[in-house]
Amino acid sequence: MLPEAASDPEARIVVFAARTAGWRGIFAVHTWIVLKPAGADAYTRYEVTGFGRPLRINGRAPDGYWLGAKPQIVADIRGARAAAALPKIEAAIAAYPYTENGDYRMWPGPNSNTFVATVLRAVPELEIAMPPDAVGKDYRIDGALFGSTDSRTGVEVSLYGLLGFKVGRVEGIEVNVLTLVAGVDALHPAVKIPAFGRIGLDRIAPRSAVADPQAPAH
């Protein structure tokens with residue numbers, strides 16, 4: 001899905017999602033983030049897993065399958081916007097607190113999706129919304145019950161990721177009940193359905209595997 005890093009001189013930030021394994025795949029996806037500075041000849045994949053030490057760096061190919069599931073691109077940011085955001089993302093990864101054995105908790109978090117959501121919260125200017133079926137994305141590591149949405153374009157109420165409500169320009173409207181999310185995306189017209197995820201025009205008319213760099217992330 002990604003070209004050879006050396007063939008693409010631009011800085012790049014890509015967020016991937018793939019269905020989790022077994023029965024959990026009925027309800028949830030696993031997300032990870034891939035970074036490449038301008039001129040770099042390799043991508044770096046960052047993710048959190050539930051086995052061994054949680055934080056993994058280049059544990060798999062940047063766009064590789066996740067336990068047999070083909071990934072999809074959630075957001076693809078390139079060029080100057082990506083270059084400006086990279087230091088913030090790297091700092092957020094370094095500061096992520098749940099990196100020791102035993103820190104991972106599948107439900108309601110902190111898990112793999114908590115990690116990516118926390119990292120993206122450090123770069124709200126990228127306006128990336130996590131997939132609604134990324135269970136654990138609403139577990140806030142700061143413990144706040146009320147605050148801004150990840151993109152800082154709206155507000156949310158969240159009870160440790162188990163119950164919540166949010167409304168924002170980027171996130172749309174979401175209702176979270178026991179980590180299952182339903183809602184509406186107005187910015188990129190779609191409905192959000194528990195277990196099914198986001199169903200919108202781009203699902204009906206699939207885009208190319210690599211997103212248009214000028215298209216807004218979602």
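1. Let's start with R12, which sits in strand 1 (residues 12-19); helices (H or I, at least four residues) and strands (E, at least two) are DSSP runs, numbered from the N terminus. This is a predicted model, in which local features need pLDDT of at least 70 and side-chain atom pairs count only at pLDDT 80 or more, while totals for chains, interfaces and linings use all residues. Residues are numbered from 1 along each chain as its sequence is written, and side-chain values use heavy atoms, with hydrogens and water left out.

2. Is R12 buried or exposed? R12 is buried, at a relative accessible area of 2%; buried means under 20%, exposed over 50% and partly exposed in between, with a 1.4 Å probe and protein chains only. Its side chain has a polar contact, at 3.3 Å, with the side chain of D8. Such a contact is a pair of N or O atoms within 3.5 Å; within protein, one must be able to donate a hydrogen and the other to accept it, and residues adjacent in sequence count only if both atoms are side-chain atoms.

3. Helix 2 (residues 112-121) deserves a look, please. It is largely enclosed by the rest of the structure, because 10 of its 10 residues are buried. Among the elements covering these buried residues are strand 1, strand 2 (29-36), strand 3 (44-48), strand 4 (55-57) and helix 1 (79-95), where contact means heavy atoms within 4.5 Å. At the start of helix 2, a side-chain oxygen of N111 comes within 3.0 Å of the backbone nitrogen of N113.

4. Now the nonpolar cores, each a set of buried Ala, Val, Leu, Ile, Met, Phe, Trp, Tyr and Cys residues joined through side-chain atoms within 4.5 Å. The largest has 29 residues, of which I13, I33, I89 and F115 touch the most other members. Two or more residues of this core come from each of strand 1, strand 2, strand 3, strand 5, helix 1 and helix 2, with helix 1 giving the most, at six residues. Leaving aside neighbours within four places in sequence, I89 contacts I13, I33, L35, V119, V123 and L126. A second, separate core of 11 residues includes L2, A5, V14 and W66.

5. K70 lies in the loop between strand 4 and strand 5 (72-78). K70 is exposed, with a relative accessible area of 56%. Not counting residues up to four places away in sequence, K70 touches A17, A18 and Y65. The C-alpha atoms of K70 and A83, 13 residues apart along the chain, are separated by 27 Å.

6. Strand 2 and helix 2 are the elements that give two or more residues to the lining.
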